[in-house]
Amino acid sequence: MDALVKFPDERDRWEANLAGAVTKEVEVRDLIADVQYKLGRLEDAEEQLKQVILLSPERTDAYLNRGIVRENLGKKQAAVDDYRRFMTGAARLDLAPDDPRVLLATACRIVDVTDADSRSVGVRWWEEMTDAGGEGMVV
């Protein structure tokens, strides 16, 4: 870049400003996605969340939100993929125990409630977990 050659002392400031701009763009796109979702403009919300993820792939809540949007659009497998990314990403977050974003890493299974075999496998897994002293289930 010609500017960096001509003004090498500006590099750190420019890079910091650019990083800040990207952070702001992610926040704005996330907000727009929320508004679009609430207005029922699901395709627009999905596109905004796609951009959020491209700019900030470590932002696990974007995968959860996009999964919800995709589920409402009838994109079942894409929604399941996003939910899985959310669960695996959230489990890798390195947060302080008192951080409100903390999500304890837990085993998870996705069950298709419209499929009898999937339900049976899910129930059997849950029973094994609870019999071993585990608890809880998100539906």
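With a relative accessibility of 44%, Pro-57 counts as partly exposed. Pro-57 sits in the loop between H3 and H4. The model described here is a predicted one. The protein has 6 helices and 0 strands, and two packed helix pairs, H2 with H3 and H3 with H4, are described below.

**Overall fold**

- Along the sequence, the secondary structure reads α-α-α-α-α-α.
- Of the 139 residues in the protein, 22% are buried.
- Among contacts between residues at least 6 apart in sequence, 32% join residues at least 24 apart.

**The loop between H3 and H4**

- Pro-57, in this loop, is 32 residues from Gly-89 along the chain, and the C-alpha atoms of the two are separated by 9.4 Å.

**Packing of H2 and H3**

- Helix H2 covers residues 11-38, and helix H3 covers residues 42-55.
- The two helices H2 and H3 pack at an angle of about 160 degrees, and their axes are 8 Å apart.
- H2 and H3 are therefore roughly antiparallel to each other.
- The crossing in which H2 passes H3 is left-handed.
- On the H2 side, the residues that meet H3 are Val-22, Glu-25, Val-26, Arg-29, Asp-30, Ile-32, Ala-33, Gln-36 and Tyr-37. On the H3 side, their partners are Leu-42, Asp-44, Ala-45, Gln-48, Leu-49, Gln-51, Val-52 and Leu-55.
- Sorted by class, this contact of H2 with H3 has 10 nonpolar, 3 polar and 4 charged residues.

**Packing of H3 and H4**

- Helix H4 spans residues 60-72 and packs with H3 at an angle of about 155 degrees, the axes being 9 Å apart.
- H3 and H4 are therefore roughly antiparallel to each other, since an angle over 145 degrees counts as such.
- H3 passes H4 in a crossing that is left-handed.
- H3 brings Leu-42, Ala-45, Glu-46, Leu-49, Lys-50, Val-52 and Ile-53 to this contact, where they meet Ala-62, Tyr-63, Asn-65, Arg-66, Val-69, Arg-70 and Asn-72 of H4.
- The contact of H3 with H4 has, by class, 8 nonpolar, 2 polar and 4 charged residues.

**The largest nonpolar core**

- In soluble globular proteins, nonpolar side chains tend to be buried together.
- The largest nonpolar core in this model has 11 residues in all: Val-26, Ala-33, Leu-42, Ala-45, Leu-49, Val-52, Ile-53, Ala-62, Tyr-63, Val-69 and Phe-86.
- Helices H2, H3 and H4 are the elements that give two or more residues to this core.
- H3 gives the most to the core, with 5 residues.
- Ile-53, one of the core residues, is in contact with Ala-62, Tyr-63 and Arg-66 when its neighbours within four places in sequence are left aside.

- Arg-66 is found in helix H4. Its relative accessible area is 10%, and Arg-66 is therefore buried, the cut-off being under 20%.
- Not counting residues up to four places away in sequence, Arg-66 touches Glu-46, Leu-49, Lys-50, Ile-53 and Asp-82.
- Arg-70 also lies in helix H4 and counts as buried, at 16% relative accessibility.
- With residues up to four places away in sequence again not counted, Arg-70 touches Glu-46, Lys-75, Ala-78, Ala-79 and Asp-82.
- Glu-46 and Asp-82 are among the residues touched by Arg-66 and are also among those touched by Arg-70.

**Residues in relation to Leu-49**

- Leu-49 belongs to the largest nonpolar core; Leu-49 is also among the H3 residues that meet H2 and among those that meet H4.
- Leu-31, in helix H2, counts as exposed at 52% relative accessibility. The C-alpha atoms of Leu-31 and Leu-49 are separated by 9.6 Å, with the two residues 18 apart along the chain.
- Asp-61, in helix H4, counts as partly exposed at 29% relative accessibility. From C-alpha to C-alpha, Asp-61 and Leu-49 are 9.9 Å apart in space, and 12 residues apart in sequence.

Definitions and conventions:
Residues numbered from 1 in each chain as written. Predicted model: local features only at pLDDT ≥ 70, side-chain atom pairs only at ≥ 80, totals over all residues. Heavy atoms only, no water. Axes fitted to C-alpha atoms, helices over the stretch in contact; angles between N-to-C directions. Helix = DSSP H or I, 4+ residues; strand = E, 2+ residues; numbered from the N terminus. Parallel < 35°, antiparallel > 145°, perpendicular 65-115°, else oblique. Left-handed = near helix turned anticlockwise from the far one by under 90°. Contact = heavy atoms within 4.5 Å. Nonpolar A, V, L, I, M, F, W, Y, C, P; charged D, E, K, R; others polar. Core = buried A, V, L, I, M, F, W, Y, C linked by side-chain atoms within 4.5 Å. Buried < 20%, exposed > 50% of the residue type's maximum accessible area, 1.4 Å probe, protein only.
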